[in-house]
Amino acid sequence: MAYEAFRQIYSGKAPPWFEKPSGLATRPVCARSGAVPQPFCLVQANDFFIPGISPATPCAVHRQIRSNPDTGLAGGVVEAWSPDVEAFLRGQGMAAAAGNSVPGGRLRIASPTRDARFVLHEAMPRLRQQVRLAGTTDAATNDPLYWFVDRELFAVTRAGQPVFWPLKQGRHSIACSDSRGNTDQVEIHVATLIPARE
Ligand SMILES: [Zn+2]
């Protein structure tokens, strides 16, 4: 009976809640991050957006990396959740999408230390003024570690394999994450040593 009444009311046209509100359009998005898909976002979905208002940020989760003989990591498309993307998704109740944190598999940045201060010497070659990025994880895993400097993916390594970042003046955030959603983040300060004048 209820179905019959329903059918008569909406016979011949779609129920009103199926109509698209004006001002909205649809666009393909990355099914994992919900952001504008990159060519290597292999799973895409359609989502509503407001032209000119909805952010057009490209997907920052899927990245193409080159194979690296030093770390033995193969090249290809990786899913790298930077800690701020992950925090955002957790805030949206999408923790599952951001990977499953493994209890006891905590990731920690061993180098540099939190709030470490460095001094750049102008007279010294830049190549010798680098900071070692190294992470430790207590999970028995060979998973890649993703290093972000100022939110940009800088390197992909494995635990116990340090990588070196050339120091630049200023405050920098250094973050590390693995593919299971474990993250750590430190901030460092780099000052430039100005030689005393005569
Ligand atoms: Zn993507």
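## Contacts and composition

Among contacts in the protein chain with a separation of 6 or more, 57% join residues 24 or more positions apart; two residues are in contact if their C-beta atoms, placed from the backbone, lie within 7 Å. This is a predicted model, in which local features need pLDDT of at least 70 and side-chain atom pairs count only at pLDDT 80 or more, while totals for chains, interfaces and linings use all residues. Residues are numbered from 1 along each chain as its sequence is written.

The protein chain contains two helices and 12 strands, arranged along the sequence as α-β-β-β-β-α-β-β-β-β-β-β-β-β. These elements are DSSP runs numbered from the N terminus: helices are H or I with at least four residues, strands E with at least two. Of the 198 residues, 22% count as buried. A residue is buried if 20 or more other C-beta atoms lie within 10 Å of its own, exposed if 12 or fewer, and partly exposed in between, with C-beta atoms placed from the backbone.

## The largest nonpolar core

The largest nonpolar core has 22 residues, of which C30, L133, L145, Y146, W147, I174 and C176 touch the most other members. Such a core is a set of buried Ala, Val, Leu, Ile, Met, Phe, Trp, Tyr and Cys residues joined through C-beta atoms within 7 Å. Two or more residues each come from β1, β5 (107–111), β7 (130–137), β8 (144–149), β9 (152–158) and β11 (170–178). The greatest contribution is that of β8, with four residues. Because domain 1 (1–59) and domain 2 (61–193) both give residues to the core, it lies between them; the domain bounds come from an automatic or database domain assignment.

## The three-stranded sheet

An open sheet is formed by three strands in the order β5-β7-β10, with antiparallel pairing. Its edge strands, β5 and β10 (163–166), each pair on one side only. Strands pair if DSSP finds at least two bridges between them. From one strand to the next the twist averages 35°, taken between axes that are lines fitted to C-alpha atoms, with angles running from 0 to 180 degrees between N-to-C directions.

The antiparallel strands β5 and β7 are joined by four bridges. Here L107 stands opposite T137 in β7.

## The loop at L42

L42 is located in the loop between β1 (25–30) and β2 (44–49). This residue is exposed because 12 other C-beta atoms lie within 10 Å. Its C-alpha atom is separated by 9.6 Å from that of R32, 10 residues apart along the chain.
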